[in-house]
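Biologist: Can you put the model up and take me through some of the helix packing?

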Amino acid sequence: MSLLSKIIIGFIALLHLYIVWLEMFAWTTRAKKVFKSVPEEMFEKTKQMAGNQGLYNGFLAAGLIWSLLICDLQWSIHIATFFLGCVFVAGVYGAITVQKSILMVQSLPAALGLLSLYFL
């Protein structure tokens with residue numbers, strides 16, 4: 001795996017750890033400034049749901065970090081491919097259902113990560 005791939009994957013993992021924090025621990029405070037398309041009165045009502053979403057984002061971050069720790073190159077690339085694919089799909093779905101900017105924040109970096117794995 002190239003250094004560029006590792007940097008992109010590390011960045012995406014950190015981004016998802018930030019999302020975990022927003023959704024699980026700062027949903028009714030800081031998340032209001034990030035998820036501007038969600039009406040303010042919905043944050044308290046959706047706190048548990050956001051926490052659940054945060055947990056899933058934590059699994060994505062864990063999988064990406066795992067891919068960086070695997071010594072076998074092919075296995076590492078396969079695991080990274082799976083988790084980057086999951087991030088990409090989650091970003092597309094989020095852009096369609098929640099906020100269009102999620103496509104740029106989540107799917108674009110995942111696509112760049114996938115491209116870096118196979119073409120660099």
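This is a predicted model: local features need pLDDT of at least 70, side-chain atom pairs count only at pLDDT 80 or more; totals for chains, interfaces and linings use all residues.

Biologist: What is the angle between α5 and α6?

Modeller: About 155 degrees, with the axes of α5 (residues 73–97) and α6 (residues 101–119) 8 Å apart. Helices here are DSSP runs (H or I, at least four residues), numbered from the N terminus. Axes are lines fitted to C-alpha atoms over the stretch in contact, and angles run from 0 to 180 degrees between N-to-C directions.

Biologist: What does that make α5 and α6 relative to each other?

Modeller: Roughly antiparallel, a label for angles over 145 degrees. The crossing of α5 past α6 is left-handed, meaning that the near helix is turned anticlockwise from the far one by less than a right angle.

Biologist: Which residues make the contact?

Modeller: Among them are Ile77, Leu84 and Phe88 of α5, and Ile102, Leu103 and Tyr118 of α6. Contact means heavy atoms within 4.5 Å. By class, the contact of α5 with α6 has 15 nonpolar, seven polar and no charged residues. Nonpolar covers Ala, Val, Leu, Ile, Met, Phe, Trp, Tyr, Cys and Pro; charged covers Asp, Glu, Lys and Arg; the others, Gly among them, are polar.

Biologist: Ile102, then. Buried or exposed?

Modeller: Buried, at a relative accessible area of 15%; the cut-off for buried is under 20%, with a 1.4 Å probe and protein chains only. Beyond its neighbours within four places in sequence, Ile102 is in contact with Gly91, Gly94, Ala95 and Ser107.

Biologist: Where is Gln99?

Modeller: Gln99 sits in the loop between α5 and α6. Gln99 is buried, with a relative accessible area of 17%. Its side chain makes a polar contact with the side chain of Ser101 at 3.0 Å (a pair of N or O atoms within 3.5 Å; within protein, one must be able to donate a hydrogen and the other to accept it, and residues adjacent in sequence count only if both atoms are side-chain atoms).

Notes. Residues are numbered from 1 along each chain as its sequence is written. Side-chain values use heavy atoms; hydrogens and water are left out. Helices (H or I, at least four residues) and strands (E, at least two) are DSSP runs, numbered from the N terminus. Angles under 35 degrees count as roughly parallel, over 145 as roughly antiparallel, 65 to 115 as roughly perpendicular and the rest as oblique. Buried means under 20% relative accessible area, exposed over 50%, partly exposed in between (1.4 Å probe, protein chains only).
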